[in-house]
Amino acid sequence: MKKNLILLLTVFAIVLSFSIFFYSKKEVKDTDVLPSQKVVQITALDDYLNLENAPLQWTDVQTTEELEKLFEGVKFDKIPKIFVRRFPDDFSQKGYPVLLAKTLLPHILRQNQLLTAERNAFLVLVDKLKNKQPFTQAEEDFWNKLIFKYEVLNPDKIGQQATLFQRLDRISPSLAIAQSIEATQNAKIHLDMPFDVRRWNDKKEYDFVQYDDLASAVADYALELNRGYSYLKFHMLRAEQRPANMPLHGRIFARGLTYYKIEDINYVNKLLAVFDYYDFQKLDEATFVEEN
């Protein structure tokens, strides 16, 4: 009797051990985790939307002297996250190109962060297309927004992705600054239109676009550069740099603007003169100062 009881207890212990072992090896499913313990997956699209909707902390200045003090000692390699809302009123008399560059550069770097996040979200969808995976409704809406935003005319997604590969990308900080200086040097500084962007207005006049703040001006310039048919050669040059993961050197891309101003065959030479005089090549290596 005692031997039978010991044998029964031994068998029970073995069964219990095996049960615990297999339970610990079982794959954990969502239903096995409490709602409060579930991990929410953050997608590349979420990252872009969060960055796009993040409010800017504006800095307002009243005079050029205040603006100079704000960027005093700032070098072009490490840029503080100082987002000036607009140039002060006396900048047209007292401003100068290097201070213009320091003021615009934080906005340009932030715009490149947005473009990088937007491109990453796009590339995720390209991968889904390649693997014939369906889009979610949010992804479909995002894709359609890209098609409209970058004025893609291809009727199918395969053709659309090829166009977006070239158009949806970062811009060159040095090229942006050089174009702004070239656009404003003859009439000093156009405070509300620093990039010479023109469109048809309500009066059916082809006129300069004015902006409420510098962030909007930079964003619109980047959009014009990325989707404009006059920049087709620039798009091709930039796409060629992608496989080698090369920096976006504006001096190289300036050669892609030969169709931008047909009436001015010396336009590229003017930009290159700005590059050389101010040594703006280093602007393309600029990054934000790391926050503690």
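Me: Why does Asp 279 count as partly exposed?

Reply: This is a predicted model, and in it Asp 279 has a relative accessibility of 44%. Buried means under 20% and exposed means over 50%. The value of 44% lies in between, so Asp 279 counts as partly exposed.

Me: What makes the pair Asp 279 and Lys 282 a salt bridge?

Reply: Their side chains meet at 3.8 Å, N to O. The cut-off is 4 Å, so the pair passes. Lys 282 is partly exposed too, because its relative accessible area is 40%.

Me: How many salt bridges does the structure hold?

Reply: It holds 10. One of them joins Asp 60 and Arg 85, with the closest N and O atoms 2.8 Å apart.

Me: Why is it said that Asp 60 and Arg 85 tie parts together?

Reply: Asp 60 lies in the loop between strand 1 (58-59) and helix 3 (64-70), while Arg 85 is in the loop between strand 3 and helix 4 (91-94). Those parts are 25 residues apart in sequence, so the pair ties them together.

Me: How do you know whether Asp 60 is buried, partly exposed or exposed?

Reply: Asp 60 has 45% relative accessibility and therefore counts as partly exposed.

Me: What makes Glu 151 and Arg 227 a salt bridge?

Reply: The N to O distance between the two side chains is 3.8 Å, and the limit is 4 Å. Glu 151 sits in the loop between helix 6 and helix 7 (157-167) and Arg 227 in helix 9, so this pair ties together parts 76 residues apart in sequence.

Me: Why is Arg 227 called buried?

Reply: Its relative accessible area is 15%, and the cut-off for buried is under 20%. Glu 151 has 35% and is therefore partly exposed.

Me: What does the side chain of Asp 284 make a polar contact with?

Reply: It makes one with the side chain of Ser 174, at 2.6 Å. The limit for a polar contact is 3.5 Å, so the distance qualifies. The side chain of Asp 284 also reaches the backbone nitrogen of Gly 250 at 2.9 Å. Asp 284 itself lies in the loop between helix 12 and strand 6 (287-288).

Me: Why does Ser 174 count as buried?

Reply: Its relative accessibility is 0%, so it counts as buried. Ser 174 is found in helix 8. Residues it touches, leaving out those up to four places away in sequence, include Arg 251, Phe 275 and Phe 280.

Me: Why is helix 8 said to be largely enclosed by the rest of the structure?

Reply: Of its 12 residues, 12 are buried, so helix 8 is largely enclosed. The cover includes helix 5, helix 9, helix 10, helix 11 and helix 12.

Me: How do you know that the reach of helix 8 is close to the expected one?

Reply: From its first C-alpha to its last, helix 8 reaches 17 Å, against the 16 Å expected at 1.5 Å a residue.

Me: Why is Leu 248 called buried?

Reply: Its relative accessible area is 8%, and buried means under 20%. Leu 248 is in the loop between helix 10 and helix 11 (250-253). It lies 36 residues along the chain from Asp 284, yet the C-alpha atoms of the two are separated by 6.4 Å. Among the contacts of Leu 248, its neighbours within four places left aside, are Arg 170, Phe 253 and Asp 284.

Me: Which residues of the largest nonpolar core touch the most other members?

Reply: Of its 71 residues, they are Leu 67, Leu 104, Tyr 150, Leu 175, Ile 177, Phe 195 and Phe 280. Helix 5 gives the most to this core, with 13 residues. As for Ile 177, its contacts beyond four places in sequence are Ala 101, Leu 104, Ile 108, Phe 280 and Leu 283.

Conventions:
Residues numbered from 1 in each chain as written. Predicted model: local features only at pLDDT ≥ 70, side-chain atom pairs only at ≥ 80, totals over all residues. Heavy atoms only, no water. Core = buried A, V, L, I, M, F, W, Y, C linked by side-chain atoms within 4.5 Å. Buried < 20%, exposed > 50% of the residue type's maximum accessible area, 1.4 Å probe, protein only. Helix = DSSP H or I, 4+ residues; strand = E, 2+ residues; numbered from the N terminus. Contact = heavy atoms within 4.5 Å. Polar contact = N/O pair within 3.5 Å; in protein donor to acceptor, adjacent residues only side chain to side chain. Expected span 1.5 Å × (residues − 1).
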